[in-house]
Amino acid sequence: MSLSRHVDPEEIIHHLKDIKLQEKGSGSQRQNHLTPYNSSYASQEDIPKYKIPENGTPGDTVYAMLRDELDLDGRPNLNMASFVNTYIEKDAQKLFVENLGKNLSDNDEYPAMISFSDRCVSILAHLWGVQKGEKAIGTATVGSSEAVHLGGLAMKRRWQEKRRAEGKDAYKPNIIMGANAQVALEKFARYFDVEARILPVSAQSNYCLDPALVKENLDENTIGVFVILGSTYTGHYEPVEEIHKILDDFESQTGIDIPIHVDAASGGFVAPFTYAKTGGHKWNFELPRVKSINVSGHKYGLVTPGVGWIVWRDESFLPKHLIFELHYLGGTEYSYTLNFSRPGAQVIVQYYNLIHLGFQGYRAVVENCLSNARLLSKALEATGWYTCVSDIHRPPQKQAGSVKSGSSGYDGENDQSCCSESQNDDQKAESEESKTHASSSSLSSSKDTPETDRNREETSADYTPGLPVVSFRFTDEFQQEYPHVKQETVSLLMRARQWIIPNYALPPNEDQTEILRVVIRESFSFDLIDRLVTDLVSVTETLMENDEVDLSLLQQHQGGRRRPLTKDEKRIEKEEREREERKGEERGEEKGKRMGEGIHRSVC
Ligand SMILES: *Cc1c(COP(=O)(O)O)cnc(C)c1O
């Protein structure tokens, strides 16, 4: 949702006064509501947009009109820009609608719903390797953003408490993250007054948090490190275990103990289920420094928007005074959230999904997504026009751009040593099958695979682990041959065919490279991949055949979705900008810098 500016209707009406948008009718139909389209709104009046109308209008009319306007939206299933799930099963939908009116904060009134929420937390704690004897604790949130904020805040408070207990100042907390961090992480730092140490990314670090740089940026004021399981740019997993080791070394040298929060918004529901896991590397509560993990239930948890989760490995990592006690009918409930009221139906659907799909069901879904993502990646590269920046279609350890830096945990040797993934009791049942796959993943290539194994169906274990994301760009050869063709035009022309495929610059430092990105979700079938590739090929061919002049016209279309500003609005905006610039200059800032500082563009 965007931050909305107030619009003054008087001004717009004033502006439109001289333009006859429609003929005034005779007025004879004004009261006729027999069919929605006979209402006065259909032909004689604008639907009021910015001010509440004096009198209401029948529901069917309003329904028809709003639905018609909503037709201007993209189609959720073709929105390849988003990780957020768009599909809901019939039975889940029934539960959702039946429970629409339930507020998740009404513990007392809806004990069954609350216990579903508790069970989800337990299931996740298990799935993420909580250790014996630990009392995991967690909560449902609106999404990963709220969860990240709660996780960050707990780290900040723990750090403050420790500093004060040691008689040291606690005024300058900092937190570490890569420049690829999702906007929620930066938001945490700004909203909760923590210095964000945003470390540059590079091709060598797979455009992810670079362990070598983490090392250089730690100090006594570091409250923690945000490590992302599944970078939104390219789907790469950040090397949690490697960063863990750096923090271990730092502690043995300085005595300073720095925790990790894993932002597993997408990966929390992907990595545990896939055959690839995280390629033999540890990422979850098996690593002692990982104190909290968040996930978006509405991404690969397969719920529709509105639910996220955070789990702390043990209640001792959640500072007591952040927890609110609610007393009711002789019982006590504890709460740690940013919101009070919020819908509970998503939590019910989350629990439904977990029970209905089970481990194998989730596995089938994410393995399908990864298989489709590989197919798309390979098809794109087969054209010779495109190359992938994501690596999930490449054999493990052979991905492009994986340059090993001395202590890197990405080398084969290390891989073998930590291949023994600890499995909790619940997963032992399926371990036989997964062991076969896990061990085949550490074989160097399919050529060395025995004949019998070669005929088995391939799984994600034969490839580099990561999210089902395809990030791609024009090949260097293509760019040389067709320098006038811009990648963003591919995005625009695909949009004309209903596909929503964004074109982003990579994070700062690497932002001279742009990527087109397709997120493969549950509802994106094999069949649709075929259509997508056909359309991408045809669009690219069109671009190759057209000259610079034609294409420049297309590019001007961009950004046309915003309402044109009125003359007065333009004047006000210009004055505001000049005023801000003057203020900035008085403070010795360069022109234009203030906006740049305030507004952060990010990939979501
Ligand atoms: C999506 C995402 C978020 C934000 O999650 P919401 O559920 O949309 O609030 C944070 N971090 C990462 C890595 C993400 O992919």
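Two strands count as paired if DSSP finds at least two bridges between them. Keep that in mind as we work through this predicted model.

**Exercise 1. Work out how the sheet that contains S10 is built.**

Step 1: Begin with the strand order. This open sheet has 4 strands, arranged S10-S11-S13-S12, and the pairing is antiparallel.

Step 2: Find the edges. Strand S10 (386–388) and strand S12 (503–505) each pair on one side only, making them the edge strands. From one strand to the next, the twist averages 40°.

Step 3: Zoom in on one pair. S10 joins strand S11 (residues 469–474) in the antiparallel sense over 3 bridges. Here Thr 387 stands opposite Arg 473 in S11.

Step 4: H10 lies across S10, S11 and strand S13 (514–519), and runs at about 140° to S10.

**Exercise 2. Decide how H10 and H17 are oriented relative to each other.**

Step 1: Look at the axes. Those of helix H10 (residues 345–382) and helix H17 (residues 526–545) come within 10 Å and cross at roughly 20°.

Step 2: Apply the cut-off. Angles under 35 degrees count as roughly parallel, and H10 and H17 are therefore roughly parallel to each other. Their crossing is right-handed.

Step 3: Name the residues that touch. H10 contributes Asn 372, Leu 375, Leu 376 and Ala 379, while H17 contributes Phe 526, Ile 529, Leu 532 and Val 533. By class, this contact of H10 with H17 has 7 nonpolar residues, 1 polar and no charged.

**Exercise 3. Characterise the shell around the ligand.**

Step 1: Which residues come nearest to the ligand? Of the 16 around it, they are Gly 143, Ser 144, Ser 145, Gln 182 and Ala 265.

Step 2: Find the main contributor. Helix H6 (residues 144–165) supplies the largest share of the shell, 3 residues.

Step 3: Sort by class. The shell has 6 nonpolar, 9 polar and 1 charged residues.

How values were computed
Residues are numbered from 1 along each chain as its sequence is written. This is a predicted model: local features need pLDDT of at least 70, side-chain atom pairs count only at pLDDT 80 or more; totals for chains, interfaces and linings use all residues. A residue is near a molecule or strand if its C-beta atom, placed from the backbone, lies within 6 Å of it. Helices (H or I, at least four residues) and strands (E, at least two) are DSSP runs, numbered from the N terminus. Ala, Val, Leu, Ile, Met, Phe, Trp, Tyr, Cys and Pro count as nonpolar, Asp, Glu, Lys and Arg as charged, and the others, Gly among them, as polar. Axes are lines fitted to C-alpha atoms, for helices over the stretch in contact, and angles run from 0 to 180 degrees between N-to-C directions. Angles under 35 degrees count as roughly parallel, over 145 as roughly antiparallel, 65 to 115 as roughly perpendicular and the rest as oblique. A crossing is left-handed if the near helix is turned anticlockwise from the far one by less than a right angle, and right-handed if clockwise. Two residues are in contact if their C-beta atoms, placed from the backbone, lie within 7 Å.
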